Amino acid sequence: GKHAGDGMVYYFFPQPDCNYVWNALLAAYEMREAMRRLSKEWQLRKGWTNELYLNSGLNEGQEWLGTFQSATHVEFTVLGDTINHAARLSDFARFGAVWATKNLIGKLTADERRQVKFGVQRKTNEGQDIFVTSTYSTVSNLTDLNTGKGEKLKDIAILPITEITEIKDSTTD
């Protein structure tokens, strides 16, 4: 799909023979890994020190589908809170992270959820960062909404989210 200001948008639709939420998670994770490989290749080939990243935001919901027509083409689009929240999560993500809503994780089967390592970085009382698995946080607890980047995230301030750090696909075992 194409939306002004978005890098890439993919829609995953329910199908009778597969779980579209699982497919979306796998696609985001595989794209992140592919970008890491591509970044390393370019670093070696070009002598770069910069890293290339692909930040992803995932959400699940029901929206209206439609088309925009111009004199030369027809464009398929989806509009609504679901797509807007996913786009904002992508804006929130940094360094190639995959962030998902609690709603999306809740749509996974118990078996699928066990294959996904997700959680949120927290600070201990001593100020150390630790990753707490199987947890969520609101965006407002993870970033300052009153700074430049944070201003853009105010519409998802109370959205419960989590970072996807690893997926073990049982079909490849």
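The model is predicted, so local features need pLDDT of at least 70 and side-chain atom pairs count only at pLDDT 80 or more, while totals for chains, interfaces and linings use all residues. Residues are numbered from 1 along each chain as its sequence is written, and side-chain values use heavy atoms, with hydrogens and water left out.

## The whole chain

Let's begin with the overall picture. The protein chain has 6 helices and 8 strands; helices (H or I, at least four residues) and strands (E, at least two) are DSSP runs numbered from the N terminus. Read from the N terminus, the order is α-β-β-β-α-β-α-α-β-β-β-α-α-β. The C-alpha trace spans about 60 × 45 × 45 Å along its principal axes. A compact globule of 173 residues would have a radius of gyration near 16 Å, and the 17 Å of the protein chain agrees with that. This radius is taken over C-alpha atoms, and the globule rule is 2.2 Å times the number of residues to the power 0.38.

Of the 173 residues, 34% count as buried, where buried means under 20% relative accessible area, exposed over 50%, and partly exposed in between (1.4 Å probe, protein chains only). Among contacts (heavy atoms within 4.5 Å) with a separation of 6 or more, 57% join residues 24 or more positions apart.

Helix H1 covers residues 20-46. Its 27 residues should span 39 Å at 1.5 Å a residue, and its end C-alpha atoms are 38 Å apart, which agrees; the expected span is 1.5 Å times one less than the number of residues. After H1 comes Gly47, whose phi is positive, near 70°.

The buried residues of H1 include Trp22, Leu25, Arg32 and Gln43. Among the elements covering the buried residues of H1 are strand E4 (98-101), strand E5 (116-123) and E8.

What does the largest nonpolar core look like? It has 16 residues, of which Leu25, Val116, Ile164 and Ile167 touch the most other members. H1, E4, H3, E5 and E8 each supply at least two residues of this core, and the largest share, 6 residues, comes from H1. A nonpolar core is a set of buried Ala, Val, Leu, Ile, Met, Phe, Trp, Tyr and Cys residues joined through side-chain atoms within 4.5 Å. Apart from this core lies another, of 12 residues, with Leu89, Ala93, Ile156 and Ile161 among them.

| Residue | Element | Relative accessible area |
|---|---|---|
| Thr162 | strand E8 (residues 160-167) | 0% |
| Thr82 | helix H2 (residues 81-92) | 16% |

Thr162 touches residues including Val98, Trp99, Phe118 and Tyr136, not counting those up to four places away in sequence. A polar atom of the Thr162 side chain lies 2.9 Å from the backbone nitrogen of Gly119. Thr82, leaving aside neighbours within four places in sequence, is in contact with Asn59, Glu60, Gly61, Gln62 and Glu63. The C-alpha atoms of Thr82 and Gln15 are separated by 19 Å, with the two residues 67 apart along the chain.

Definitions and conventions. A polar contact is a pair of N or O atoms within 3.5 Å; within protein, one must be able to donate a hydrogen and the other to accept it, and residues adjacent in sequence count only if both atoms are side-chain atoms.
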